[in-house]
Amino acid sequence: MKIFKCFMFVLFMIVGMARAENLIVYFSDSGNTERVADTIQALVGGDMARIESKIPYPKSDTDKTYVAKREQESGARPEYEDLGVNVANYDVIFLGYPIWWGTMPMVVYTFLENNDFKGKVIAPFATYGTSGLGSSVSDIKRVTYGAVVTEAFRIRGVETKKDHAEAVKTWLNKIFQ
Ligand SMILES: Cc1cc2nc3c(=O)[nH]c(=O)nc-3n(C[C@H](O)[C@H](O)[C@H](O)COP(=O)(O)O)c2cc1C
């Protein structure tokens, strides 16, 4: 019995070490980034958490655009609802966001600054209208001391409504080859 317990313990240790734990954490206002998050989860597995601002963004695009710009200009760090997960438990963090005014929404900065990413891999993925990633990847690197930040996956918001699994697979193969 003792030998069996010992064997099981070693087995659990080996399996635990071999399996990198994935967290897919994202902010999505109108659902585009969420679709990519779902695709990533379907391909790599792992836990999912959505960043929700405690003060919801306005529904109207004009008001939302105004609030987002004001947050950026004032360097705001909006609070977010409890994620229900502990970043410390994961090795690889897939971080998703829409591009807002050339970078991440400020609530994503709050998330990054509230957590310790030392020794972790951050794989960013972003959706956008026309501009591409903007400064988001260098902004992530600036605020996540000690993390390895991979090349980002980017896709236009409208393209997320079509099948984008192959594009995601190509990106995953590139960053985890
Ligand atoms: C406040 C705001 C600012 C935006 N700024 C940009 C931008 O700078 N560049 C860009 O290409 N798209 C911009 N967009 C478009 C979004 O990035 C795009 O629609 C994205 O796919 C939305 O993702 P979501 O559905 O996950 O919220 C902006 C949208 C909003 C609401």
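In the exercises below, Ala, Val, Leu, Ile, Met, Phe, Trp, Tyr, Cys and Pro count as nonpolar, Asp, Glu, Lys and Arg as charged, and the others, Gly among them, as polar. Keep in mind that this is a predicted model.

**Exercise 1. Describe the shell around the ligand: which residues come nearest, which elements give two or more residues, and how do the classes divide?**

Step 1. Now look for the elements. Two or more residues of the shell come from each of α2 (32–44), α3 (61–74) and β4 (121–128).

Step 2. Finally, sort by class. The shell has 12 polar residues, 6 nonpolar ones and 3 charged ones.

**Exercise 2. Trace the chain: how many helices and strands does the protein have, and what pattern do they follow?**

Step 1. Count the elements: there are 6 helices and 6 strands.

Step 2. Walk along the sequence, and you will read α-β-α-β-α-β-α-β-α-β-β-α.

Step 3. Then check how far apart in sequence the contacting residues are. Among contacts with a separation of 6 or more, 79% join residues 24 or more positions apart.

**Exercise 3. Work out which residues of α2 are buried, why they lie on the same side, and what they pack against.**

Step 1. Get to know the helix. α2 has 13 residues, and its first and last C-alpha are 19 Å apart, close to the 18 Å expected at 1.5 Å a residue.

Step 2. Find its buried residues: Asn32, Thr33, Val36, Ala37, Thr39 and Ile40. These residues are on the same side of α2 because they cover an arc of only 160° around the axis.

Step 3. Look at the partners. The buried residues of α2 pack against the strands β1 (22–26), β2 (47–50), β3 (92–98), β4 and β6 (153–156), and also against the helix α6 (165–175).

Step 4. See what comes next: α2 is followed by Gly45, which has a positive phi, near 75°.

**Exercise 4. Explore the largest nonpolar core: which members touch the most others, and which element gives the largest share?**

Step 1. Across the 177 residues of the protein, 29% count as buried.

Step 2. The largest nonpolar core has 35 residues, of which Phe94, Val108 and Phe125 touch the most other members.

Step 3. Two or more residues of this core come from each of β1, α2, β3, α4 (106–114), β4 and β6. The largest share, 6 residues, is that of α4.

Step 4. Zoom in on Val108. Leaving aside neighbours within four places in sequence, Val108 is in contact with Phe27, Ile51 and Tyr97.

Notes:
Residues numbered from 1 in each chain as written. Predicted model: local features only at pLDDT ≥ 70, side-chain atom pairs only at ≥ 80, totals over all residues. Helix = DSSP H or I, 4+ residues; strand = E, 2+ residues; numbered from the N terminus. Buried ≥ 20, exposed ≤ 12 C-beta atoms within 10 Å, placed from the backbone. Contact = placed C-beta atoms within 7 Å. Expected span 1.5 Å × (residues − 1). Arc of directions from axis to C-beta. Core = buried A, V, L, I, M, F, W, Y, C linked by C-beta atoms within 7 Å.
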